[in-house]
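Take a look at the charged side chains in this model. Which of them pair up, and where do they sit along the chain?

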Amino acid sequence: MTSSVNRQTPIDRWQKRAIVAGVVGVIVCAIAAALDLEMFYRAYLIGFLFWWTAAIGCLGLVMLHHLVGGTWGRATRPIFESGAETMLLVAVLFVPVGLGVAYLYPWARPEEVAADPLLQMKSQYLNVPFMLGRAAAFFIVWLVLAVAVIRMAARARRLEKSARRRRVPRLSAGGLVLLVLTASFAAIDWAMSLDPHWYSTIYGILVAIGGAVAALSLAILSITAFAPQAVRDAETFGQVLHDLGNLLLAFLMLWTYFGFSQFLIIYSGNIPEEAIFYVHRLEHGWQWLALAIVVLAFATPFAMLLSRDNKRDPARLAGIAALVFVMQWVHLIWLIGPSLHHEGMIVPWAEAGIFVGVGGFWLAVAMSRLRKRIAAGEGELLLNEPIAGVGVEHG
């Protein structure tokens with residue numbers, strides 16, 4: 001009993017901090033809304049979108065593990081499942097976005113639609129009732145996927161029947177395709193349509209992959225923070241961290257590939273209607289944020305993750321993961337900020353406060369679910385028992 005209490009102490013401590021952050025976020029939301037309602041909705045959208053992508057990333061990585069296996073997934077599965085189970089909270093957090101569509105999206109303002117022929121052409125798709133209906137459908141799909149995959153996998157582990165175990169990868173294969181499609185369309189609805197005159201077929205998948213990068217970074221931070229000393233001293237701990245570092249490197253390269261591909265295609269095409277997207281993001285101060293993203297979101301972590309020692313050292317890997325995690329938020333600000341702040345680069349206190357606040361509630365719920373899993377004996381790296389073996393699972 002004593003070891004169980006000690007095992008949960010770090011999570012309890014961080015959960016309390018997350019709740020405090022959530023309360024601070026509510027205060028920031030109230031102040032921002034009282035001062036400038038439009039500023040509040042702009043800041044809230046960025047905070048909501050980031051934590052939504054983190055939840056989507058957790059759900060996607062759960063299904064990816066059921067498809068490919070591996071010790072990395074056995075170690076992080078309770079973390080990703082806990083993050084995926086926040087989807088109901090994310091649906092509730094979407095409510096302010098739904099209430100503020102007229103403040104955020106040009107196509108939701110009748111006077112702008114009446115004066116813009118292009119918005120009139122797109123009004124069959126970009127209209128408030130249809131957008132809210134699609135959002136409801138997306139959340140239903142994600143909730144059903146999360147519940148179905150997590151429960152089916154738990155039942156298969158409990159019953160130890162090969163027939164049931166084969167159903168989980170099949171469900172995950174179809175579910176992963178459905179998740180990518182719905183997340184891409186949600187990103188188009190909630191982020192890309194802020195500038196309805198511009199479009200990109202890569203935009204949705206870029207946002208979705210960014211969510212996977214953020215979720216994986218969060219899992220690394222959780223393992224390095226919550227793993228007890230008995231696990232840290234085990235030889236297998238370094239191997240699992242090494243695998244997670246390699247996976248983070250792979251996803252980081254994939255995210256960069258999509259981001260650079262979008263830029264290269266638009267730059268090569270040199271069509272004013274498309275190039276204006278990057279013109280707005282490379283002037284009025286946004287160019288310095290773009291440079292920071294290139295250096296800190298990709299180049300620096302890429303170089304550091306090439307080192308085997310960095311990937312096996314908990315403190316170093318946690319530092320890399322923290323940098324990647326924060327820079328994913330910075331990238332989201334750069335990606336949609338110019339569409340919200342036409343007067344130039346402005347990242348006021350509201351963006352940071354609401355990001356921390358929304359994240360506080362999201363993390364509190366996720367850690368509550370994780371604590372229950374650890375109490376039930378799940379999560380080999382979070383228990384005082386080293387993992388029995390490393391490598392890829394087969395079968």
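Glu-81 is buried in this predicted model. Its relative accessibility is 1%, and a residue counts as buried under 20%, so Glu-81 falls well within that class.

Who are its partners? Side chains of opposite charge can pair when their charged atoms come close. One partner of Glu-81 is Arg-77: the two side chains form a salt bridge, with N and O 3.4 Å apart. Both residues lie in helix H3, which spans residues 71–84. They are four residues apart, so about one helical turn separates them. Arg-77 is buried, and so is Glu-81.

Now turn to Arg-373. This residue also forms a salt bridge with Glu-81, and here the closest N and O atoms are 3.1 Å apart. The pair links distant parts of the chain.

Next comes Glu-85. It pairs with Arg-369 in a salt bridge, the closest N and O atoms being 2.8 Å apart. Again, distant parts of the chain are linked: Glu-85 is in the loop between H3 and helix H4 (87–93), and Arg-369 is in helix H18, 284 residues apart.

Salt bridges with shared partners join Arg-77, Glu-81, Glu-85, Arg-369 and Arg-373 into one network. Across the whole structure, a search finds eight salt bridges.

Conventions: Residues are numbered from 1 along each chain as its sequence is written. This is a predicted model: local features need pLDDT of at least 70, side-chain atom pairs count only at pLDDT 80 or more; totals for chains, interfaces and linings use all residues. Side-chain values use heavy atoms; hydrogens and water are left out. A salt bridge is a side-chain nitrogen of Lys or Arg within 4 Å of a carboxyl oxygen of Asp or Glu. Helices (H or I, at least four residues) and strands (E, at least two) are DSSP runs, numbered from the N terminus. Buried means under 20% relative accessible area, exposed over 50%, partly exposed in between (1.4 Å probe, protein chains only).
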